[in-house]
Amino acid sequence: MYINPSKIKGKVKISGSKNAGLPIIAASLVTSKKLVLSNVADISDINNMLAILDKIGCKVKRSKNKIFIDSFCNYMPLLFEEVSKFRASYYLMSSYLALFSSVSIKMPGGCKIGSRPIDFHLEGFKAAGCKVEVTDDIINISVKELAPFIYRMPKKSLGATVNLIILASKIDGKSIIENASTEPEIDDLIEFINKGFAKVYRRRNDIVIYGNKEFSEKITHKIIPDRIEAFTYMCIGLNSKKLAIKNIELHHLKAPLKYLKMAEAKFKIKKNSVTIYKSDLKPINVYSNHYPELSTDQMPLLYPIFMRVPGQSSFREDIYEERFSVCEELKKTNADIKIDNKTIFINGKYLLKPSEFYPTDLRCAASLLIEGIINGNSVINNLNYLERGYDNIYKKLKKIGLKFKIK
Ligand code: EPU
């Protein structure tokens, strides 16, 4: 993608959340016979998940951002190529265990942003009575009879919380996930599952699940807006004349807005939208962690912005140990970026060099896109990363005035 210097302005509508849509589609298999999901992003991770559902016999139809699922499926080992193309394919482990008491699945793929082990998922399954065997690239799990369980997560994990909620929703009796993930995508999954027969709720740091083996006849559900996509456009807006970001859930964006306020960014908030204006910013010290803190997925979006803000800003990453590859790419611009253990220090400069970038993961690609939009005359390769998580990205960018060519 070759980006020309452009004047950004206008409005952009945020799509459904990737990280809420993926668990809900996996949970569809065990919650209801027929489903209508709306606000479903048209992105490659979700489309790969739908392709797997199609292969195991579900009937899936898409009409714009709505999908219709007829969730009856057959047991088939999950060894398809699509499984290793994205991380969330592993949510099908719990759906399969609930439906067939057994699963054989390829190791999930996903962005390389650290070691990303899956031990909490597997330990949780064991607590429910499962037997687990892992070879180099295949996970085999089976169970005679699933039993209600209590599993304490050693560290908060979105993915493991999803798998254990889905599994427990089909086990008669009361299960508890202690130290569960606090992310809003989990609350969307809980709301969805509660439309079936199971009862799921948060109790302080835990999630309590009363499972039920029955299937609802039909469920309709609207996926929450994508807070990471929203923040991506908010960062783009900081260099625009005026950019309105519509269809957002403001209370999911409290931490990002807090940091923008600290940096003295100009923005106006309405009920479901925020309008951002070009701003003279001040340096800030940012910290990413579990919700309600700033998400680890949102933090790299700030680097290109603060590479141009006079003074030193700092960014501390506590979730992933290798989420710094974006810095190597950004340094091609001559930006002053230093990494000390878990913290990135950026000293703002006025003149940075337009460059050619090779992103290595989804949010790295989004950060480099923001850099390219600010600087112009920049090139972004490996667009497949952007397409994993940003719905209609090229159409949306064009609509807000970005001039670019894709070879
Ligand atoms: N962890 C373990 N063992 C496990 C699971 C997690 O040690 O069994 C550790 C991880 O290594 C990490 C921490 O726990 O240090 C949190 O990982 P988590 O399980 O929460 O991550 P995830 O579920 O694999 C999801 C999103 C990521 C997002 C993280 C933020 C999806 C499909 N992925 O990953 O999204 O960064 O939560 O916690 O929902 C993205 O959208 O670009 C993306 C990478």
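Guide: N19, A20, P23, I24, A27, S28 and T31 of α1 touch E185, D188, L189, F192 and I193 of α6. Contact means heavy atoms within 4.5 Å. Helices (H or I, at least four residues) and strands (E, at least two) are DSSP runs, numbered from the N terminus.

Visitor: Where do the residue numbers come from, and what kind of model is this?

Guide: Residues are numbered from 1 along each chain as its sequence is written. The model is predicted, so local features need pLDDT of at least 70 and side-chain atom pairs count only at pLDDT 80 or more, while totals for chains, interfaces and linings use all residues; side-chain values use heavy atoms, with hydrogens and water left out.

Visitor: How do I read the angle between two helices?

Guide: Axes are lines fitted to C-alpha atoms, for helices over the stretch in contact, and angles run from 0 to 180 degrees between N-to-C directions. Under 35 degrees counts as roughly parallel, over 145 as roughly antiparallel, 65 to 115 as roughly perpendicular, and the rest as oblique. Here α1 (residues 18-31) and α6 (residues 184-193) cross at roughly 25°, and their axes come within 9 Å. The two are therefore roughly parallel.

Visitor: What is the handedness of the crossing of α1 and α6?

Guide: Right-handed. A crossing is right-handed if the near helix is turned clockwise from the far one by less than a right angle, and left-handed if anticlockwise.

Visitor: Which residues of α1 meet α3?

Guide: A26, A27, L29 and V30 of α1 meet L92, S95, A98 and L99 of α3. This contact has seven nonpolar residues, one polar and no charged. The α1 and α3 axes lie 9 Å apart, at an angle of about 5°. So α1 and α3 are roughly parallel.

Visitor: How does α3 pack against α5?

Guide: The angle between α3 (residues 92-100) and α5 (residues 158-168) is about 15°, with the axes 8 Å apart. That makes α3 roughly parallel to α5. Their crossing is right-handed. M93, S94, S95, L97 and A98 of α3 make the contact with N163, I166 and L167 of α5. By class, five are nonpolar, three polar and none charged.

Visitor: Now the empty spaces. How are they found?

Guide: Rolling a probe the size of a water molecule over the atoms shows where empty space is left. On a 1 Å grid over the protein atoms alone, a cavity is a set of points where a 1.4 Å probe fits but cannot get out; lining residues have an atom within 4 Å of a point.

Visitor: How many cavities of 30 Å³ or more does the search find?

Guide: Two, over the whole structure.

Visitor: What lines the second largest cavity?

Guide: P300, R323, F324, S325, V326, D361, R363 and C364. Both α10 (325-330) and α11 (362-375) give two or more residues to this lining.

Visitor: Which peptide bond is cis?

Guide: The one from Y291 to P292, with omega near 10°. P292 sits in the loop between β17 (285-288) and α9 (303-306).

Key: Ala, Val, Leu, Ile, Met, Phe, Trp, Tyr, Cys and Pro count as nonpolar, Asp, Glu, Lys and Arg as charged, and the others, Gly among them, as polar. On a 1 Å grid over the protein atoms alone, a cavity is a set of points where a 1.4 Å probe fits but cannot get out, and a pocket is an open set with protein on both sides within 12 Å along at least five of seven lines; lining residues have an atom within 4 Å of a point. Grid points are joined across faces, edges and corners, and a volume is the space filled by probe spheres set on the points.
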